[in-house]
Amino acid sequence: MGASLALAGLSLSGCRRPEAHLVPFTQSPEWVVPGKKISFATAQPRRRGATPLLATTFDGRPIKMEGNPLHPLSQGASDNHAQASILDLYDPARRQHLTKGGKKASSADWDAEINRIRAELTSTSGSSLAVLADEQLSPTRDRLRAELQRQFPQSTWATYEPLAPGRDLEASALVFGENTEFRPILSAASTILAVDCDFLGSDEGDLSDTRGFSSGRRTRQPSDSTNRLYVVEPRFSITGTMADHRLRLRPSATGAFLLELARQIRAAKPSAELNALLSQSPDLPLPEGVDPAWIRECAADLVSHGNRSLLLVGRRLPVSLQALALALNSSLGSVGTTLLVQPSRALPSATLAQLAEKIRSGTIRTLIILGGDPVYNAPADMNWSALQSSVPNTLHLSSLPNATSKQSTWSIPGTHYLESWGDALAVDGSYLSVQPMIQPLWAGLSQLEVLSQILGQPIPIGPSLIRETFAQRTGLAGEKLEQGWNDFVREGFLASPAASPTSRTANLNAVAGLLSRIESSPAEDPASLETVFIHSAAVDDGRYANNGWMQEWPDPMTKLTWDNAILLSPETARSLGLKNDIIKGILVADVVQATLAGRTIEAPIVIAPGHANFSASLPVGYGQELCGPVAKGAGFDAYRLRTSTTDYQAVGLQLKRTGRTQQLAVTQEHQVMEGRDLVREASVNEFKENPAWVKTVGMDAHIPPNQTFYPNPKLDGQHQWAMVVDLSTCTGCNACVTACTAENNIPIVGKDQVMKGREMHWIRVDRYYTGEPDSPESVSQPIACMQCENAPCETVCPVNATVHNEEGLNVMAYNRCIGTRYCANNCPYKVRRFNFFDYNQRALDKLYWGPLAPKGTEETIKLQKNPNVTVRMRGVMEKCTFCVQRIEDAKISARVRARDSADLKIPTGTLKTACQQACPAEAIVFGDLLDESSEVKKLRDLPQNYSLLEYLNVRPRLTYLGRIRNPNPAMPGARTHYAPSHGHAEKHSTEKDTSTSHGTPDHPKQASHE
Ligand code: SF4
């Protein structure tokens, strides 16, 4: 209500919803205490299944998203897009008016339009209507769709998602029967082979995949079993960083690889069904550079683990390859244990191509586009822009303006998922409530509301439509319905009926017929590269392009911000005469002209270690000029090269030097800690032989027990806070970075400042390469303020602005800071951030205005700020304090609970930092060292626990568990030796070494700065 009051001045007329008046509280709503947060269950609809979430609200104002801890899939975890979605709610660029032909339209105009559409549809039985919708997996939307079909039987309903072409559903229908789909159960898998499938990334995977995988990866004791991961992929993904064995492979060679894998599985486990399956397969040569022994040993490992093995292939690969993978899973016995088959959640719909055909035939007179941006991201050969223009009347519902809304007759402002009632299915089929947290900031409508109007129904009030669906799904009535509904809304979900461990019989005959479609890969040719259109880990398919947090979020592998780039392997770049230079910490990239099938774009290139040779990866989602000021000018539009037949991969890309270069904001050169043994790794066997191997690495092997001349600060608090990060489970997904940004009011600084190394993230995730530049291994390491007990920053601060508290936290007194930055210079970990400008006080296009220029940022952006965290000003140093505001909040709660008793201890496990709470891999553990039962205490006592730069004797409270890999000794070239025998680690971070800590092998690192 408070937020609604604050926003009363912002509400604008347009689409009509029932009018209600805002009045001050005479009696406060239940549970609302001014200044106290309340969390509500909701869910973020996504194309492959909604994410169950909790929204933290202050006075009716949602400020932060967390995973729903009650839901068995996420168990409280979230990811960077769930975290970033809160910023989209407050985006001032959102559509605020209903427009017709680009001009503001009134409610009366809209009512007349609805009446006109209904009259037209009644006369044509709907044949003149087509609805093009994004994929939301909403049962209520499906119900309205069925009603639309009933009222107007000849209408068309099409679905389009640029990055989910639905080939996995086709493959499942073929192998397991109509209306089925499959999902992996990573927690049950001990050997996993992922072929061009980034299941730990946000495109292919779900939070439950990361949760499940990391549960099998957590190796705390030498006796613990560890899963093993093989990855075959064209470019380094975050799944690739977790691989025990990684093979880089051009995308066109995937078919030949899978066929050879099938033969090797048959050799290891002969079966009549595999004989029959492979009898019709083409005899393709092995891909160039692939050692047959690699496939043989990998197949043998999969077979030896029987139904605990799992083969995953990318969901955008051809149906034939996905079907073959399902058949192989069936042969391995995985179906029912590591691969579940369940009823399909999506209703069959027309495809975009089928809709295009109808439009061409001239039957469609009214086209309603619910979400999405097909003018921007439809296949280039479809010329959707012209097709859409040929429809006499187009209506587009979207929250942000974009290319499609600009070209539509009617442009309807859409609501954010936190503003309107909805529902959705999660990947396991559980039913989630999408509960609004705030009245629509502007006059928007939801998809359900638009559909209701088209159906001749009034705009639904509150959750009436969802409640109806809930009643239908549960069969509840009367009081039981009331009780069930309240539980559903409170907990946020209705569990799916327990999935029966069905061992559906795979129809291998159907697969056999497809194998002849698999072709051999063309010869390697620098003049004709293979191309993969990849999703962007930051902006996804482009839907987060106007989200400043996502633009400034470093890509987990390239560390690129505010841009996309064509990714090439070092060898491919060399053979094309292309290069990247690092000049004063800025990546200066060659710009190329990229031509594919007669279409040309210009783009910078980034040399990406571990990328397959003679192929290029093009991240989509950038180059949008119409969806807001943040997206404007960021990156190039790779969709312009994508066609209907090459929506994932293509052959024949030509790159030509333009002679120009482009500066890119890459954070890998920032805040570096040169040439130290920062990341420590060992194989499972080495860990078993010497559980304390981390103590034998680098300088740590030589230093005497640390002593200090100075007395430690008095650490006599009731709690002693500490954090441990498990490098074995951290995937480098960077969700912690976004969670920290949202929690701590961390501003964005823009591309120009990022290029100067001035990004403000309090936690960063360093990405290291080891080994040969063309085919290295990679590991990620989150770095935040270490809360050193002997903090070097404190001793140099002339005004005591950074001091120690009695609980071991290195805290900041912002209003005492005079901005000398001595502390940042003296910090060995480079974790302090300085406000060079008034980032929090300025709109993005005025970020760098001087101190005397007028201040003030958009009202809606202010609404996202966490009221428990100071918004910092120009000239002030800031950094992580283990979410001290959460600690203080927990202390107040403990004091309230304690009443007259002296027990003010915060109970074990009840307090989480923002990064810890978001982490889907549960890699971050935080707690009280004085509490013997706390997880953090147990981890600190493990022999594999170590500190960064231990020999400096700064006594960090943030420590790490060394990474443990599980290589298969039988694999060709297996690196089984990671830990040094005495004092000299595999170098991760020297300039001579082909491996470098932050830089790519082609770019030795610069000295640390700022
Ligand atoms: S610690 Fe951060 S980067 Fe690592 S898995 Fe967790 S959220 Fe992702």
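**Backbone, rings and fold**

Analyst: Happy to. Asp196 is buried, with a relative accessible area of 10%; buried means under 20% relative accessible area, exposed means over 50%, and partly exposed is in between, with a 1.4 Å probe and protein chains only. This is a predicted model, where local features need pLDDT of at least 70, side-chain atom pairs count only at pLDDT 80 or more, and totals for chains, interfaces and linings use all residues. Residues are numbered from 1 along each chain as its sequence is written, and side-chain values use heavy atoms, with hydrogens and water left out.

User: Good to know. What is phi of Asp196 near?

Analyst: Phi of Asp196 is near 45°, which is positive in a residue other than glycine.

User: And where does Asp196 lie?

Analyst: Asp196 is in the loop between strand E9 (191-195) and helix H6 (207-215). Helices (H or I, at least four residues) and strands (E, at least two) are DSSP runs, numbered from the N terminus.

User: Which residue has a positive phi of about 55° although it is not a glycine?

Analyst: That is Asn745. Asn745 sits in the loop between helix H23 (735-743) and helix H24 (750-755). Its relative accessible area is 1%, so Asn745 is buried.

User: Let's switch to rings. How many aromatic pairs are there?

Analyst: The count comes to 18 aromatic pairs. The rule is that rings of Phe, Tyr and Trp (its six-membered ring) pair if their centres lie within 6.5 Å; planes under 30 degrees apart count as stacked, over 60 as edge-to-face and the rest as tilted. One of the pairs is Tyr431 with Phe488, which is stacked at 5.0 Å centre to centre, with 10° between the planes.

User: Which parts does that pair tie together?

Analyst: Tyr431 belongs to strand E18 (residues 431-434) and Phe488 to helix H18 (residues 478-491), so the pair ties together parts that are 57 residues apart in sequence.

User: Are Tyr431 and Phe488 buried or exposed?

Analyst: Both Tyr431 and Phe488 are buried. Another pair is Phe687 with Trp693, and that one is edge-to-face: 6.1 Å centre to centre, with 75° between the planes. Phe687 has 1% relative accessibility, so it counts as buried, and Trp693 is buried too, with a relative accessible area of 2%.

User: Nice. Now a sheet, please: which order do the 4 strands of the open sheet have?

Analyst: The order is E36-E29-E38-E37, and the pairing is mixed. Strand E36 (924-928) and strand E37 (945-946) are the edge strands, each pairing on one side only. Two strands pair if DSSP finds at least two bridges between them.

User: How many bridges join E29 to E36?

Analyst: 5 bridges join them, and the two strands run antiparallel. Val725 has Ile924 in E36 as its bridge partner. On the parallel side, strand E29 (residues 721-726) and strand E38 (residues 958-961) pair over 4 bridges, and Met723 has Leu958 in E38 as its bridge partner.

User: How many residues of E36 are buried?

Analyst: 5 of its 5 residues are buried, so to speak "mostly covered".

User: What about helix H16?

Analyst: In helix H16 (residues 447-454), 8 of the 8 residues are buried, so the helix is largely enclosed by the rest of the structure. After H16 comes Gly456, whose phi is positive, near 80°.

User: Last topic, the whole protein. How many helices and strands are there?

Analyst: The protein has 30 helices and 39 strands. Its radius of gyration is 28 Å, close to the 30 Å that the globule rule gives for 1010 residues, so the protein is as compact as a globular protein of that length. The radius is taken over C-alpha atoms, and the globule rule is 2.2 Å times the number of residues to the power 0.38.

User: And what share of the 1010 residues is buried?

Analyst: Buried residues make up 63% of them.
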